[in-house]
Amino acid sequence: MSDATEGMDPAVKQTSAELATGVDTDTILQTDGLTKRFGGLTAIDDVDFGVEAGELRCLIGPNGAGKSTLLNLITGALSPSEGAVYFKGHEITGLDPHERIRHGLSIKFQVPSVYEDLTVRENVRLPIQRLASGTERDERMADALAASGLADKADIEASALSHGEQQQLEIGMAASLDPDLLLLDEPVAGLSVDEREEIADRITQLNEERSIAFVVIEHDTDFVADIADHITVLHQGETFREGSIEEIEADPEVQRIYLGGETDA
Amino acid sequence: MATESDDTATRGPLGRLTAALHGPNTMGNSRRFWYLFGVAVLLFVFFPLYMLPSSVTNMSQYLSLALLALSLAVVWGYTGVLSFGQVAFFGVAGYTYGIVAINVTGPLGTMAGLVVAVGIAALFAAVLGYFMFYGGVSDVYVTILTLVVVLVLKTFLDQTAGDEWTIGEAALGGFNGMPGIPDLALGIGEPFLVFDDFTLFYAALLAVLLTYLGLRVLLNSDYGRVMVAVREDEDRTEMLGYDVKRVKLTVFTFGGALAGLSGVLYVTYFNYISPSELSLTAASLPVIWVAVGGRKTLLGPIVATIFIERLGLFLSVNVGDWAFVINGLLLLVIVLLLPEGLVPGFRDLVSWLGDRRSEGETDDTAEPTGEVVE
């Protein structure tokens with residue numbers, strides 16, 4: 001992904017897209033026949049989902065398609081009924097979530113999960129204190145605060161932040177784990193247009209400058225078109241389509257399932 | 001605050017200790033707090049000079065129980081695991097100490113009894129905690145399960161009146177309990193220090209003081225911050241790469257050991273233990289102490305334990321059977337009016353008064369008013 005850091009403008013997107021669809025990148029995440037049943041309901045049905053290192057992938061699909069379930073199976077919050085998850089060449093299916101995180105996974109939850117009663121600084125400290133101490137810790141905390149745009153709000157309680165600031169804070173915390181793959185569950189739900197742009201910039205910046213691969217669940221098609229290299233459409237627990245934004249947008253079948261089932265703005 | 005590690009690098013060992021005692025997780029980070037703290041410690045140190053001997057020995061009982069309250073403050077207040085089982089570890093340690101100290105005579109027996117009792121209490125907590133936390137028991141089910149453990153243990157101990165429940169020289173004694181438990185003593189062969197009356201008071205005072213300071217360091221350390229993170233949001237903490245189950249198990253085990261220490265000091269005060277220490281009432285008392293004092297503090301549980309126990313004694317002397325009713329009502333009022341607890345309520349009152357005063361006289365208060373407590 002070194003090419004991707006050259007440009008700082010929209011042309012970069014094209015570069016990353018080319019890389020993602022190119023040949024020589026490594027697979028960082030791969031699910032193999034992943035299946036999750038809740039009683040009689042099959043939420044995820046035999047899904048083979050792969051992500052390349054440094055790729056920026058969006059995962060879309062109507063409500064109830066199984067997107068969050070797939071993410072939970074990847075992080076280990078849920079155990080699969082069948083199938084396996086491979087991360088950086090190792091099977092991680094049986095590992096606890098914190099062990100997967102230590103292998104280089106990271107997640108931002110759908111509902112912003114920051115520690116509301118702690119200050120912003122204490123929030124940022126938690127992921128970093130495990131990885132660094134001394135002056136390095138201080139520097140990384142300062143960097144994370146600055147990158148989240150919260151340097152001047154470091155000493156207020158996280159509960160006092162706006163919804164958008166909490167999203168930024170949680171992305172900052174998830175990113176400060178130095179992950180190879182960062183999973184974002186609806187990072188811009190309920191945000192204003194400006195805030196969406198900020199989050200989009202943040203994601204592309206992390207992707208390009210730090211080569212973090214992303215899987216982003218999002219309903220907002222403009223946002224998806226803005227950031228994604230590559231899109232996976234999930235429908236009724238199965239992989240429905242995969243392809244570039246143009247291919248997906250042009251696909252009449254995708255239009256059909258979305259217009260049929262999609263109600264979210 | 002912004003550059004913690006710079007501070008610790010430039011300070012000496014004393015500076016490092018001071019830094020370790022302070023942080024967002026404990027109250028009282030100002031100079032004024034430590035002055036008041038020093039005065040309070042001196043009042044305790046000279047307590048025997050101005051109080052009746054009976055008050056002093058009573059106080060050593062309350063101080064022993066304050067350790068039990070602290071054990072719950074760590075487990076519940078700071079890690080979010082509401083345990084009704086602290087008295088189980090307290091009781092198991094008390095009985096274990098009795099069995100060892102009665103059988104192995106001399107100070108070595110009592111010292112061994114202390115170590116074994118605290119170890120057994122910790123082991124008991126570790127086994128129970130392992131099956132709970134790794135077995136997927138959480139939240140309210142931990143509370144129920146720990147309470148059931150206490151009641152099962154009490155029911156069992158009530159049945160131990162027969163001769164078959166005599167271990168060496170020590171008879172468990174059923175609901176009559178186990179009398180003749182020796183005082184803690186230091187020495188080899190002949191004891192050179194026996195902890196009874198005043199010496200037990202000072203031992204309990206020292207134990208509470210060291211535990212309080214030690215817990216301040218723990219709670220403001222990286223590990224203490226993880227404990228608080230587990231309390232606030234287990235899923236988020238797990239997804240930051242922390243082993244939440246292991247944190248809960250470790251803290252629960254530590255809490256068991258601390259409750260065990262409390263149990264040993266307590267039985268050496270009465271030289272006696274009975275299953276009533278594991279009754280439903282006894283199991284709920286630590287929860288009340290911690291809730292009334294302020295569960296997200298360390299001082300709160302200590303203050304509340306002494307206050308509630310002393311008040312209980314006062315009321316039972318003066319109003320007899322009404323003591324429980326009045327005490328209960330009073331605690332209810334406190335919890336309803338001050339949901340965060342007595343000590344945080346007092347802190348808020350002090351800073352509110354400070355605010356009012358600084359509004360009245362504009363100058364003269366260069367110090368920020370929040371400084372009193374934060």
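Arg57(A) counts as buried because its relative accessibility is 3%, where buried means under 20% relative accessible area, exposed over 50%, and partly exposed in between (1.4 Å probe, protein chains only). This is a predicted model, in which local features need pLDDT of at least 70, side-chain atom pairs count only at pLDDT 80 or more, and totals for chains, interfaces and linings use all residues. Residues are numbered from 1 along each chain as its sequence is written, chains are lettered from A and ligands numbered from 1 in the order in which they are written, and side-chain values use heavy atoms, with hydrogens and water left out.

**Salt bridges**

- Side chains of opposite charge can pair when their charged atoms come close.
- There are 21 salt bridges over all chains, counting a side-chain nitrogen of Lys or Arg within 4 Å of a carboxyl oxygen of Asp or Glu.
- Arg57(A) forms one of them with Glu242(A), at 3.8 Å from N to O. This pair links distant parts of the chain, with Glu242(A) in strand β11 and Arg57(A) in strand β4 (residues 56-60) of chain A, 185 residues apart. Helices (H or I, at least four residues) and strands (E, at least two) are DSSP runs, numbered from the N terminus.
- Glu242(A) is partly exposed, with a relative accessible area of 37%.
- Glu82(A) and Arg37(A) also meet through their side chains, at 2.7 Å from N to O. Glu82(A) lies in strand β5 (residues 82-87) and Arg37(A) in strand β1 (residues 27-38) of chain A, so the pair ties together parts that are 45 residues apart in sequence.
- Arg140(A) and Asp178(A) make a salt bridge of 3.2 Å, N to O. Arg140(A) sits in helix α5 (residues 134-147) and Asp178(A) in the loop between α6 (163-175) and β8 of chain A, 38 residues apart.
- Arg140(A) is buried at 19% relative accessibility, whereas Asp178(A) is partly exposed at 44%. Shared partners join Glu136(A), Arg140(A), Asp178(A) and Arg210(A) into one salt-bridge network.

**Strands β7 and β8 of chain A**

- From strand β7 (residues 105-108), Leu105(A) and Ile107(A) point one way and Ser106(A) and Lys108(A) the other, and all are buried.
- β7(A) pairs in the parallel sense with strand β8 (residues 181-185) of chain A over four bridges; two strands count as paired if DSSP finds at least two bridges between them.
- Leu105(A) has Leu181(A) as its bridge partner in β8(A).

- Glu186(A), which is not a glycine, has a positive phi of about 50°. Glu186(A) is found in the loop between β8 and α7 (193-209) of chain A and is buried, with a relative accessible area of 10%.
- Gln236(A) also has a positive phi, near 50°. Gln236(A) lies in the loop between β10 (230-235) and β11 (238-243) of chain A and is exposed, with a relative accessible area of 59%.

**A nonpolar surface patch on chain B**

- Val319(B), Trp322(B), Phe324(B), Val325(B), Ile326(B), Leu329(B), Leu332(B) and Leu336(B) make a nonpolar surface patch of about 870 Å².
- Patches are made of residues with over 30% relative accessible area and no salt bridge, where like charges are joined within 9 Å and nonpolar side chains (Val, Leu, Ile, Met, Phe, Trp, Tyr) within 5 Å. Accessible areas come from the Shrake-Rupley method with a 1.4 Å probe, and for residues only the protein chains shown count as cover.
- Leu336(B) is in helix α15 (residues 322-337) of chain B and counts as exposed, at 66% relative accessibility.
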